[in-house]
Amino acid sequence: MTVLIFRPEQKCATSVARFSQADISAVGVGLISTQPSEPALATLPDSLAVLAPGDSIIVTSTVASELLAQRAISLPSHVHIFAVGNSTAHGLRDMGYQVLVPPVPTTEGLLSLTPLSKVDGHKVVIIKGEGGRQDLARHLNQRGATVYLADIYHRIKIAPPKATQEWQAKQIRCIIATSGELIDTAFEQFDPKWLQSVPWIVVSPRTEQIAAKHGIHTIFVSDDASDQALIRRAKEYLEH
């Protein structure tokens with residue numbers, strides 16, 4: 001039996017290879033592609049340069065951290081740096097930064113962290129994809145922060161979806177999705193009744209809620225969106 005992984009196109013092959021190394025048969029299906037936003041990347045260094053001690057930077061995804069590394073955009077050392085999840089934090093730590101990570105990789109988890117409760121009069125730069133984390137920005141504004149949204153990439157839906165190999169629905173033992181947008185897009189591209197009939201592994205309480213709204217009945221939540229965490233959760237399900 002095989003695991004079906006819905007990830008951004010650029011990450012499918014790597015995830016499938018890691019699942020294979022863990023002795024789990026997997027097919028990756030790219031439903032969206034991420035594209036850099038050159039204007040936002042060009043202006044980001046200027047936005048970071050004006051940050052003062054006590055200000056904050058929030059990096060919301062591995063795509064964002066990878067773009068920072070690829071473009072050699074440095075983060076100032078005198079501010080708080082947050083990552084939404086462990087995968088993003090690992091990438092930033094590999095670049096040499098001290099990073100704070102919420103215990104739960106959600107907007108609510110971030111807002112529960114003490115430094116982000118003391119942002120009145122401070123600046124916060126949120127480095128993210130276009131359209132995401134609007135609730136986070138709103139809550140930080142309500143706490144008195146001046147928020148700058150650095151939308152350094154955008155997402156494009158892929159139709160038809162791109163799979164790493166041929167597959168059939170009857171092979172699939174469970175489905176993994178790493179974002180709410182991927183869950184929504186899957187229901188645009190595949191038979192909803194089939195999607196509802198298969199157990200899913202998702203990456204946060206928020207994505208669990210999105211899956212439930214689509215009528216998915218059996219949902220398991222991973223610790224985060226890293227391949228390592230997803231493999232652990234998949235093994236727990238497949239071996240139970």
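A polar contact, a term needed further along this tour, is a pair of N or O atoms within 3.5 Å, where within protein one atom must be able to donate a hydrogen and the other to accept it, and where residues adjacent in sequence count only if both atoms are side-chain atoms. The model on your screen is predicted, and local features need pLDDT of at least 70, side-chain atom pairs count only at pLDDT 80 or more, while totals for chains, interfaces and linings use all residues. Residues are numbered from 1 along each chain as its sequence is written, and side-chain values use heavy atoms, with hydrogens and water left out.

**Colour by confidence**

Begin by colouring the chain by pLDDT, which is the predictor's confidence in each residue, from 0 to 100. The mean pLDDT of the protein chain is 92, and 100% of its residues reach 70 or more. Helices (H or I, at least four residues) and strands (E, at least two) are here DSSP runs, numbered from the N terminus.

**Select Asp-227**

Asp-227 lies in helix α10, which covers residues 227-238. At 5% relative accessibility, Asp-227 counts as buried; buried means under 20% relative accessible area, exposed means over 50%, and partly exposed lies in between, with a 1.4 Å probe and protein chains only. Now show the side chains of Arg-7 and Arg-18: the side chain of Asp-227 makes a polar contact of 2.8 Å with that of Arg-7, and another of 2.9 Å with that of Arg-18. If neighbours within four places in sequence are left aside, Asp-227 is in contact (heavy atoms within 4.5 Å) with Arg-7, Thr-14, Ser-15, Arg-18 and Phe-19.

**Move to strand β3**

Next select residues 56-59, which form strand β3, where Ser-56 and Ile-58 point one way and Ile-57 and Val-59 point the other way, and all of them are buried. Strand β3 runs parallel to β4, joined by 4 bridges; two strands pair if DSSP finds at least two bridges between them. In this pairing, Val-59 stands opposite Ala-83 in β4. The chain crosses from β3 through α3 to β4, and this β-α-β crossover is right-handed, a word used if, with the strands pointing away from the viewer, the path from the first strand over the helix to the second runs clockwise.

Helix α3 itself covers residues 62-70, and its buried residues are Thr-62, Val-63, Ala-64, Ser-65, Leu-67 and Leu-68. After α3 comes Ala-72, which lies in the loop between α3 and β4 (80-83) and has a positive phi near 55°, although it is a residue other than glycine. At 65% relative accessibility, Ala-72 counts as exposed.

Strand β5 (residues 123-129) pairs with β3 in the parallel sense over 4 bridges, with Val-124 of β5 as the bridge partner of Ser-56 and Ile-127 of β5 as the bridge partner of Val-59. Because 6 of the 7 residues of β5 are buried, this strand is largely enclosed by the rest of the structure. Strand β5 also pairs with β6 in the parallel sense, over 7 bridges, and Lys-128 has Asp-151 in β6 as its bridge partner.

**Show the nonpolar cores**

A nonpolar core is a set of buried Ala, Val, Leu, Ile, Met, Phe, Trp, Tyr and Cys residues joined through side-chain atoms within 4.5 Å. The largest one has 25 residues, and those with the most contacts inside it are Leu-44, Ile-57, Leu-75, Leu-92, Ile-127 and Ile-152. The elements giving two or more residues to this core are α2 (38-49), β3, α3, β4, α4 (86-94), β5 and β6. Select Leu-92 and look around: leaving aside neighbours within four places in sequence, Leu-92 is in contact with residues including Val-59, Leu-68, Ile-81 and Val-99. A second, separate core of 23 residues includes Leu-31, Ile-172, Phe-187 and Phe-190.

**Finish at Asp-23**

The last stop is Asp-23, found in the loop between α1 (9-21) and β2 (26-36). What is the phi of Asp-23 near? The value is near 65°, which is positive in a residue other than glycine, and Asp-23 is exposed, with a relative accessible area of 74%.
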